[in-house]
Structures are given as structure tokens and as C-alpha cells.
Amino acid sequence: MKLYRAKDYKEMSRKAADIISSLVILKPDCVLGLATGSTPIGTYEELVRRYQNGVLDFSQVCSANLDEYKGLTRDNEQSYYYFMYNNLFKHVNIKLKNTNIPNGMEPDSLEECLRYEKVIDCLNGVDLQLLGLGHNGHIGFNEPAEAFEKITHCVDLTASTIEANKRFFEKEEDVPRQAYTMGIGTIMKAKKILLIVSGEDKADILQKSLCGPVTPHVPASILQLHNDVTIVADEAALSRMK
């Protein structure tokens, strides 16, 4: 496990973009596992800037996103497809046919989960999986539970996750209650994992994830068992680390 201490969010975003850029340059046809939320926005902005400056070429890159809300269409402003399209895809030369996100409009949860697992298998796995960290330790939408979910599944979102996400919606009742997400086992099969964390409000859960026991009650703690994890966190997020 490698840990990089960044001064602030901007430096964290730049360092994360460095790591992703290195992979894209060294392996132009790499498979990127992508994440949504506020934390990776700066990283995506930096990747877009490098593409526009002629440093990066995404034409052979494939992507697989961690998760998607169940029940939201792709053109819904709060869907994760909409997020990815507007924060990354439309600004670089990645082929949209090579981008993969769970289909939030598929009502048959089992069918969609099995389909998405097959998509990842057909890509020969993820070369680098980008992750953020939820306040309760969730990665993707893998919430605290009694056991680690192995594969892509449909999850009922916890009250704390709904609370954290309601700022993106007009009303709390508009926040979806379910989401499709890669399972912990799916995430752990990625060849490399990049965890980015920012802010003092994440300090306690980051410390528990990296230094506490490995437990499904803190889903991110499983990362302690992966053989190639890089954490890039700012000083505020690392304030509880000794």
C-alpha cells in the first residue's frame, strides 16, 4: 500500500491524474474503472486539461464505472452516466461505445448485475480502479453490512448515504433508494486500485479503513488486503493518521 500526502484538494487531484495519466500513456488500450461524486471532479478536470494540451489520448481506452442509481435515465442530471459524460467523456476522445455504466433503467436486478459482470469479464478486467470513500466507509455503493458482497449487485442505500446525496436533488424524496454497484469482489479483482480522499470530514473513516480491522462494517477496510493500492489524500483527510 502506497500513501501520498497532498497539501490540499487541488494537489490531490493533480497527483491522482498523474497516476491515471501514466497508465494511459504506458498502456493506451487500458481499462479504467471510474468513480463519481464530488471527490474525483478535480481529477477529471486535470485529465481533460492534459488531453486538450495533447498529453493524453483516450481513443483506445475502455472504461467501466462503479455504479449507477436504479430508476434514473441516462439523461437525468443526477444519473452517473450524465455525470461522467459531462465531467469527462464529452471533453476527451474516448469512444462512447467503449464506456460502460450499469443500466439504471433495467428493472430486473439479477439480469442487469449478471450482464455487467460479463461486461467486465469481456474487458479482461480493470487495470486501474478509481475509488472515493463514503462517510460510512462505503466504496462504490457497497454499504456497511454483515458480509462483503462479491459481485455486481443491487443495493438498498443507507440513510446516511441518502442524506449525503440529497444535496444533489431538489427534494429528499427524489433521491433514489437503490443503486447497481460493482461488488467488493469485483473491485478487488482490479489490477491496481487508486483511492482518493479529501477533507477533514473523511479523516475518521479513512483512519478506520486503513488502520482498523478488516470488516464488512467498514467496506473500504478490505483494501488492506489488495496487493496494489495507492491512496492519495490531502492533509485534512490524513489528520487522524499517526
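Here is a short chat about the predicted model shown above.

Visitor: Hi! What kind of model is this, and how are residues numbered?
Guide: Welcome! This is a predicted model, where local features need pLDDT of at least 70, side-chain atom pairs count only at pLDDT 80 or more, and totals for chains, interfaces and linings use all residues. Residues are numbered from 1 along each chain as its sequence is written, and side-chain values use heavy atoms, with hydrogens and water left out.

Visitor: How much of it is buried?
Guide: Of the 242 residues, 53% count as buried. Buried means under 20% relative accessible area, exposed means over 50%, and partly exposed is in between (1.4 Å probe, protein chains only).

Visitor: Let's zoom in. Where is D127 found?
Guide: D127 is in the loop between α4 (109–122) and β6 (128–131).

Visitor: Is D127 buried or exposed?
Guide: D127 has a relative accessible area of 8%, so it counts as buried.

Visitor: What does its side chain make a polar contact with?
Guide: The side chain of K27, at 2.9 Å. A polar contact is a pair of N or O atoms within 3.5 Å; within protein, one must be able to donate a hydrogen and the other to accept it, and residues adjacent in sequence count only if both atoms are side-chain atoms. A polar atom of the D127 side chain also lies 2.8 Å from the backbone nitrogen of V31.

Visitor: New topic: where is F169?
Guide: F169 sits in the loop between α5 (159–165) and β8 (178–181). F169 is buried, with a relative accessible area of 12%.

Visitor: Which residues does F169 touch?
Guide: Leaving out residues up to four places away in sequence, F169 touches Y69, L72, Q78, D174, V175 and P176. Contact here means heavy atoms within 4.5 Å.

Visitor: And how many Å apart are F169 and P144?
Guide: They are 24 Å apart in space, C-alpha to C-alpha, and 25 residues apart in sequence.

Technical notes: Helix = DSSP H or I, 4+ residues; strand = E, 2+ residues; numbered from the N terminus.
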